[in-house]
Each structure stands twice: as C-alpha cells, then as structure tokens.
Amino acid sequence: MTNADVIIVGAGPTGLMLAVELRLAGVRPLVLERQPKRRDIPKAGGLGGQILELLRCRGLLERFEAACTGPAPAPRFPFGGVHLDFTQLADPPLHALPLPQQQLERLLDDRAAELGVDIRRGHEVAGASQDDAAVRVDVRGPDGPYQVSARYLVGCDGARSRVRDLAGIGFPGTTYPEVNRLAQVSLPDTVTVLGNGDLDVPGFGTIRAGFTRTDHGLFGLGSSPDSKVVSLYTTEDESTEYDDDIPMTVAELQDGIRRVLGVNLPVGEAIRLSRFTFKARQAERYRQGRILLAGDAAHLFPATGVALNAGMLDAVNLAWKLAADLQGWAPTGLLDTYHDERHLAGARTMLHTRAQVALRRGHDAAAEALRDVFSELLTDEQPLRRMGALVAGTDIRYPMPGMSHHPLTGTFTPDLTLHTDQGVTGVAQLMHPARPILLDLADRPDLRRHAWDWRHRVDVHTAKTDDRPADALLIRPDGHIAWAATLDEPAGTTAPALREALSSWFGTP
C-alpha cells in the first residue's frame with residue numbers, strides 16, 4: 001500500500017493550489033486525477049479577485065501575468081445583466097487577468113513539479129474508508145487497482161465529487177434551467193462589422209452590439225470594427241443535462257443563436273467554445289472526519305468569474321492547517337476553523353451570485369426597472385466599491401478568538417511598503433515562504449520578546465511604514481491577520497493578547 005501525508009483528488013486549479021501550498025509547508029501530498037491528461041476543453045477565461053493578491057504573496061503573480069493571453073481587461077465586469085464599471089476609479093476594488101483555465105492549470109502544474117509533487121493522471125478513486133488514524137482509498141489506475149492511505153483526503157474533484165459522495169456529505173441547493181454558451185469566433189467576409197460594433201448579416205440585417213433579450217433568451221455580441229473576431233454569448237432555458245467532458249461545437253453554438261435570436265449567423269474559425277450551466281449549491285459541511293472538501297466539490301455558484309477565486313482561496317486556507325495537524329503542533333480545533341471560515345466565505349459568494357440570478361432572469365418590465373435602479377445605484381462610488389469587494393472576496397473578515405478587537409483582525413493583510421535595515425520590501429514579499437509572520441511596525445522589543453518562544457514557527461520582522469495601521473500585525477500563512485496591536489497600546493495589555501493569539505493559532509511553544 002502506498003502512503004502519503006494527504007491525498008488530493010482532482011488536479012484542477014484548487015487541487016493543484018492545495019498541493020503547492022502543502023509542499024511549501026513541508027507536507028507530502030499525492031494528487032490523483034481521473035483524466036489521463038490535462039483537458040483542453042475551455043472553461044474559465046480568466047482569474048480575478050482576492051486570489052491575485054495571494055499569488056503576489058507567494059511570488060507567483062508576475063509569472064501568471066506573463067502568461068496572460070492579452071492585456072488586462074478594462075475594469076468593467078458583468079453582474080447579473082448589468083455591469084460593475086470601475087473605469088473611473090484610480091484604484092479599482094476588483095481586478096482580473098485574461099488567463100484561460102487551461103493555461104492556469106499548466107502554470108500550477110509546473111509549480112507543483114518544481115516542488116516535487118506526485119501527480120498521477122488516469123487514476124480514478126473507486127472507494128474510500130476512514131478511521132481515527134487514516135483514510136484508505138481504492139484507486140483504479142492504468143496498471144490496475146491499488147490502494148493508498150494517508151492521514152487526510154481532500155476532495156477537489158468538482159461538481160460531481162466522488163469524494164463528497166463517499167463521505168456522505170449533503171450538497172443541497174438549486175439547479176437553474178439556464179444553459180449558457182460563450183464563444184470567440186472569426187467571421188466570414190459576408191458578415192460586416194460596422195463602425196459601432198454592430199454586425200450586418202446578409203438576409204437578416206443588423207445585429208446590435210451588447211445584449212439583446214428576446215422571448216427565447218439572451219444574446220450577447222462583443223466586437224471591434226478593426227477585427228473580424230467577435231465574442232458571442234447566448235443563454236436560454238433548457239432541460240438538457242450536458243456532460244462537461246463533451247466539448248461544445250460550432251453547430252451547437254449556431255443552433256443556440258438561431259433559437260434565441262432567430263438568425264442563421266455564419267461564423268468562421270472557433271477560437272474559444274464553452275458551455276456552462278448554473279447551480280447554487282453548498283456542501284453542508286466541508287469536513288467529515290479525515291475527509292475534507294474544497295473548490296467546486298464544496299460549492300457551486302450561479303454566476304461566472306468567482307469559482308476559481310473561491311476554490312483556490314479554500315486551498316490556501318486549508319493547507320497550513322493540515323500541515324499544523326500533521327506536524328503535531330496544531331492547537332485544538334484548528335482544522336475545524338477551515339469549515340467555519342471558508343463556509344462563511346462561500347455563503348458570502350452565494351449571496352451575491354444568487355442576487356445576480358434575480359437580476360438577470362427577469363424579462364418583464366419590473367425586472368427591467370430593477371436592473372435600471374441597481375445600475376443607478378452603482379454610479380455612486382461607495383456602493384460600487386462595496387459591490388467590488390463583495391465579488392472579489394476582499395470584504396471577508398473571519399471571526400478571531402482572543403482579546404484583540406482591532407479593525408484589521410480577521411481581514412486580509414494590506415501589502416504595506418516596509419523600510420527595514422536590509423532595504424525596502426513589502427508584506428507580500430515577506431510571505432513568499434508561506435510562514436506565519438509577526439510584523440513589528442513600532443520597534444516593540446516587548447512584543448518580539450514574547451514571540452521568541454514561537455520563533456521556530458513564526459518569522460519576526462521589524463520594519464517602519466508610512467501611515468502605520470497598527471503597532472504590530474500577526475499574519476497567518478493564508479494572509480489573514482490573526483491579531484493586531486492598537487497604536488501606542490501599553491505593553492502590559494498588548495503582550496498577553498499577543499501570547500494568546502500565538503497559542504490560539506500556532507500551538508504551545
């Protein structure tokens with residue numbers, strides 16, 4: 001029987017991110033992926049939200065940016081049939097990279113290989129059982145069945161998660177009857193792109209740029225007068241169950257356009273073809289004993305642009321907690337905080353994606369009025385920023401134990417510019433090793449002295465910064481602030497609170 005520290009089922013972005021984070025923490029993961037090779041079926045077309053800042057904290061963001069398929073898009077994002085338009089803001093609260101999921105998986109696969117992760121493709125989970133000490137997994141591989149065991153099993157195996165089923169975890173929610181088709185295609189010479197982005201189609205007339213609602217669904221067109229490549233989108237209600245492993249075809253796209261818009265639109269070469277449906281489902285719990293869930297196995301959201309962000313952030317939150325347990329220093333209940341925190345984050349994402357369902361699915365005058373009012377509200381900066389933070393996942397504040405009630409506790413750390421004896425750096429750069437940090441911003445030897453007992457687990461840095469937000473920050477490996485010292489707080493009250501926070505998150509010294 002093969003042994004590993006953690007078995008990860010699924011080599012998508014969530015599973016690969018988890019494997020990378022576990023290796024940084026000194027853990028040996030084994031990744032099992034049922035597909036024999038990486039799939040080229042187009043899925044997500046980009047990556048955005050809080051995960052971009054986390055990638056900066058791992059020193060990976062520049063690598064991801066260099067692999068993008070084009071310049072970063074203007075900060076204008078769809079939201080339930082309207083748009084969040086940040087183009088007038090100097091510092092938009094939501095950013096995205098034009099990085100197709102296939103390329104994202106290649107980048108994460110390369111990083112996992114650099115760290116020595118064992119990834120087995122073409123190996124499918126057939127069964128699993130657990131006891132107080134381990135999980136045993138039955139696997140069907142290319143050379144026949146075998147068994148592997150580990151201290152923990154994490155299902156990152158998508159919407160139809162086999163691991164979730166084996167663990168007996170409920171997945172309640174709603175499946176919407178929408179089928180969405182998205183494509184980038186070239187156009188034949190018979191179709192003319194007009195100066196305003198509309199299309200002139202022989203035998204039909206003009207197709208307007210933007211979104212067109214009909215009695216049969218929604219059609220979207222994005223084009224440029226200087227290009228014969230256009231983006232096409234349809235959504236319509238269907239009862240058909242589609243297999244995600246079967247790619248969409250040009251003929252299927254054209255059939256959808258014909259049903260929604262009533263036109264036979266000729267197209268040329270397909271650059272991207274993808275089909276997706278919408279579900280609103282969240283696992284009742286993210287942990288059942290030694291089996292855990294992350295990514296689409298734990299949650300499905302009825303809107304685009306959020307699943308990768310949520311899943312990869314699940315992975316980062318979980319990895320250091322699994323490592324703490326495996327290495328024997330986790331305080332009581334640490335691993336349970338994975339469910340507490342990420343289920344909370346998933347519920348926030350579910351909130352705004354369900355709101356998008358209500359905004360986009362209505363077709364009567366009342367629904368149009370709702371979208372108009374919502375769009376009007378988003379012309380004001382404060383609600384626009386609030387919605388941007390909600391979609392990005394940057395508004396999450398995890399509940400933190402202890403005596404500190406500083407406004408920063410539970411939030412993601414700001415990337416402060418730091419002046420140290422070694423030169424200028426930033427918080428993100430200090431976090432490349434994925435270790436906890438005590439950041440002393442006020443030259444507080446009393447705090448550094450109290451943290452000394454945890455020096456083998458927590459890195460201590462002293463620095464100065466402009467507009468100091470706190471005297472000190474205790475930052476977890478996932479970038480969230482576990483404790484913060486109020487500016488100029490007396491040492492007699494600060495030190496006990498720091499020791500309590502260190503014990504709560506990083507065990508006894």
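**View 1. Arg111 in helix H4 of the predicted model.** Leaving aside residues up to four places away in sequence, the contacts of Arg111 are Val20, Leu24, Leu60 and Arg63.

**View 2. An open antiparallel sheet of 6 strands.** Which strands stand at the edges? They are S15 (210-214) and S21 (299-300); each has a single partner strand, so one side of each lacks a neighbour in the sheet.

**View 3. Strands S16 and S17 side by side.** Here we step into the sheet to look at one pair. Strand S16 spans residues 217-222 and strand S17 spans residues 229-237; the two run antiparallel and are joined by 5 bridges. To find your place along the pair, look for Phe219, which sits opposite Thr234 in S17.

**View 4. Helix H8 packing with helix H9.** The axes of H8 (residues 336-361) and H9 (residues 365-377) lie 8 Å apart, at an angle of about 125 degrees. That angle makes H8 oblique to H9. On the H8 side, the contact is made by Ala358, Leu359 and Arg360, while H9 brings Leu370, Arg371 and Phe374. What kinds of residues make up the contact of H8 with H9? There are 4 nonpolar and 2 charged residues, and no polar ones.

Terms used: Residues numbered from 1 in each chain as written. Predicted model: local features only at pLDDT ≥ 70, side-chain atom pairs only at ≥ 80, totals over all residues. Heavy atoms only, no water. Helix = DSSP H or I, 4+ residues; strand = E, 2+ residues; numbered from the N terminus. Contact = heavy atoms within 4.5 Å. Pairing = 2+ DSSP bridges. Axes fitted to C-alpha atoms, helices over the stretch in contact; angles between N-to-C directions. Parallel < 35°, antiparallel > 145°, perpendicular 65-115°, else oblique. Nonpolar A, V, L, I, M, F, W, Y, C, P; charged D, E, K, R; others polar.
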